[in-house]
Amino acid sequence: MNDPNGLFRDGNGTYHLYYQYNPTGLVAGNQHWGHATSSDLYHWVNQPIAISPPNNDSQTKTTGVVRPIYTLNTPTAQVQEIAYSVDGGFTFTRYPGNPVIDSNSTQFRDPKVIWYEDHWVMVVAYSQEFAIGVYTSPDLKTWSHASNFTYHGLLGLQYESCTS
């Protein structure tokens, strides 16, 4: 288990935590979305895997309908995809129009999305290019590049966008 991908509280008061998970090994690789639930944020119950990669060459790297946005890591690129759940976040269906944001980069990950005024805003890391991309969308399916934030702060090995 590593990297939390999302946390939300459903209408019944149950917290759902999703995280990167390799069900076949102790090291990163073969990434899936693990899932755990809690009523108090202290005691957790492991649930079945929430999202699996579509094939052996890729890996997954977030109300009534739950709509996570996540990075799909393939051998040639990292892209942003969406899925949806109609059972409160226990099972997910991948959107057939994926990817919603394509890239030519193998280091394009960690999307964070908020609703702002009348549209969605995503920040996503171009990790080894020291850039954070900003995208906007009216519907979570169609995204437009708005701007980049680059070369500020600590320039170590790579940028990572973080959950807050």
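1. Accessible areas here come from the Shrake-Rupley method with a 1.4 Å probe. On that basis the protein has an accessible surface of about 9,300 Å², and carbon and sulfur atoms account for 53% of it. The model is a predicted one, and the values below should be read with that in mind.

2. Burial. The protein has 164 residues, of which 45% are buried. The cut-off for buried is under 20% relative accessible area, while exposed requires over 50% and partly exposed lies in between. These limits are used in the points on single residues.

3. Secondary structure. The protein has 12 strands and 0 helices. Read from the N terminus, the elements therefore run as β-β-β-β-β-β-β-β-β-β-β-β.

4. An open sheet is formed by 4 strands in the order E9-E10-E11-E12, with antiparallel pairing. Strand E9 (108–116) and strand E12 are the edge strands; each has a single partner strand, so one side of each lacks a neighbour in the sheet. From one strand to the next, the twist averages 20°. As background, strands of a sheet pair through backbone hydrogen bonds, either parallel or antiparallel.

5. Strand E11 (residues 131–137) runs antiparallel to strand E12 (residues 144–150), and 6 bridges join the two. Two of the pairs can be named: Tyr135 has His145 in E12 as its bridge partner, and Ala131 has Thr150 in E12. The hairpin has 6 residues between its strands, and Leu140 in the turn has a positive phi of about 70°.

6. The salt bridge. How many salt bridges does a search of the whole structure find? The search finds 1. It is formed by the side chains of Glu81 and Arg94, at 2.6 Å from N to O. Glu81 belongs to strand E7 (residues 78–84) and Arg94 to strand E8 (residues 93–94), so the pair ties together parts that are 13 residues apart in sequence. Is Glu81 buried or exposed? Glu81 counts as buried because its relative accessibility is 3%. Arg94, at 31% relative accessibility, counts as partly exposed.

7. A nonpolar surface patch. Leu7, Leu41 and Trp44 make up a nonpolar patch on the surface, and their accessible area together is about 290 Å². Leu41 sits in the loop between strand E3 (32–38) and strand E4 (45–51). Its relative accessible area is 42%, so Leu41 is classed as partly exposed. Leu41 is also worth a look for its backbone: although not a glycine, it has a positive phi of about 65°.

8. Asp110. This residue, other than glycine, also has a positive phi, near 65°. With a relative accessibility of 13%, Asp110 counts as buried. For context, most residues other than glycine have a negative phi, and most peptide bonds are trans.

9. A cis peptide. Which two residues are joined by a cis peptide bond? The bond lies between Asn98 and Pro99, with omega at about 0°. Pro99 is located in the loop between E8 and E9.

Key:
Residues numbered from 1 in each chain as written. Predicted model: local features only at pLDDT ≥ 70, side-chain atom pairs only at ≥ 80, totals over all residues. Heavy atoms only, no water. Buried < 20%, exposed > 50% of the residue type's maximum accessible area, 1.4 Å probe, protein only. Pairing = 2+ DSSP bridges. Axes fitted to C-alpha atoms, helices over the stretch in contact; angles between N-to-C directions. Salt bridge = Lys/Arg side-chain N within 4 Å of Asp/Glu carboxyl O. Patch = residues over 30% accessible without salt bridge, like charges linked within 9 Å, V, L, I, M, F, W, Y side chains within 5 Å.
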